[in-house]
Amino acid sequence: MKIEQKEIRLAPRPRGFHLVTREVAAQLGELPRRGLLHLFAKHTSCGLCLNENADPDVRTDLGTIFDSLVPDGHRAYTHTMEGPDDMPSHAKSALTGVSLTVPIAGGRLCLGTWQGIYLCEYRDHGEPRTLVATIIGEEAAHE
C-alpha cells in the first residue's frame with residue numbers, strides 16, 4: 001500500500017461550475033492500479049463535486065440553481081466585509097462540500113461515462129485554487 005500526497009493548483013476562474021477533470025488528472029501523474037483519490041479544496045468560498053461532463057447547460061443551470069438558493073447581498077447576512085458575494089460563497093461551499101473521493105481502477109480515475117470533476121467557484125472573481133490530492137493504492141501500474 002502506498003500513500004502519496006501533492007498539491008494541485010488551479011487557475012483563477014469566474015463564478016460558475018467548471019469542469020477540471022483533465023487539469024486535475026494532468027497534475028496527478030501516474031496513478032496506482034487500484035486505489036482511491038481524495039481531493040480537498042483548501043478554501044471556504046469554492047467547492048468540489050462530480051456531475052455531468054458533456055452538456056455545458058448543466059453547469060449553467062447549476063449556477064442558476066445555486067444563485068437562487070443563496071442570493072448575493074441578502075439583507076439578513078452580517079458577514080459582508082469582503083463584498084456581497086462572500087457570505088453566499090461560504091454558504092454554497094457548505095452545500096457542495098470541499099472534498100470528494102474518486103476510485104482508481106486500472107491506473108485511471110474510475111469515473112462514469114458522463115461524470116466529471118467540477119470546481120464550483122462561488123466568488124465573482126475567484127482566486128487561484130489549491131487542492132490537496134491524496135492517492136491511496138497499490139504500487140504504480142507499471143510496477
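These are my notebook entries on one predicted protein model.

**Ground rules.** I work on a predicted model, where local features need pLDDT of at least 70, side-chain atom pairs count only at pLDDT 80 or more, and totals for chains, interfaces and linings use all residues. Residues are numbered from 1 along each chain as its sequence is written, and side-chain values use heavy atoms, with hydrogens and water left out.

**Fold.** I looked up the elements first. The protein chain has 3 helices and 8 strands. These are DSSP runs numbered from the N terminus, with helices as H or I of at least four residues and strands as E of at least two. From the N terminus the order reads β-β-α-β-β-α-α-β-β-β-β. The C-alpha trace spans about 60 × 30 × 20 Å along its principal axes. Of the 143 residues, 40% count as buried. I take buried as under 20% relative accessible area, exposed as over 50%, and partly exposed as in between (1.4 Å probe, protein chains only).

**Salt bridges.** I found 12 in the structure. Each is a side-chain nitrogen of Lys or Arg within 4 Å of a carboxyl oxygen of Asp or Glu. Arg15 pairs with Asp72, with 2.5 Å between the closest N and O atoms. Arg15 sits in strand 2 (residues 14-19), and Asp72 sits in the loop between helix 2 (56-69) and helix 3, 57 residues apart. Arg15 is partly exposed at 23% relative accessibility, and Asp72 is partly exposed at 34%. Arg15 also meets Asp124 at 2.6 Å, N to O. Asp124 lies in strand 7 and Arg15 in strand 2, so this pair ties together parts 109 residues apart in sequence.

I then checked Glu138 and Arg33, whose closest N and O atoms are 3.2 Å apart in a salt bridge. Glu138 follows strand 8 (129-137) and Arg33 is in the loop between helix 1 and strand 3, so the pair ties together parts 105 residues apart in sequence. Shared partners join Arg15, Asp67, Asp72, Lys92 and Asp124 into one network.

**Lys92.** I asked myself: is Lys92 buried or exposed? Lys92 is buried, with a relative accessible area of 1%. Lys92 belongs to helix 3 (residues 86-96).

**Surface patch.** I noted that Met1, Ile3, Leu36 and Ile136 form a nonpolar surface patch, with about 450 Å² of accessible area together. Areas come from the Shrake-Rupley method with a 1.4 Å probe, and for residues only the protein chains shown count as cover. Patch residues have over 30% relative accessible area and no salt bridge; like charges are joined within 9 Å, nonpolar side chains (Val, Leu, Ile, Met, Phe, Trp, Tyr) within 5 Å. Leu36, in strand 3 (residues 34-41), counts as partly exposed at 42%.
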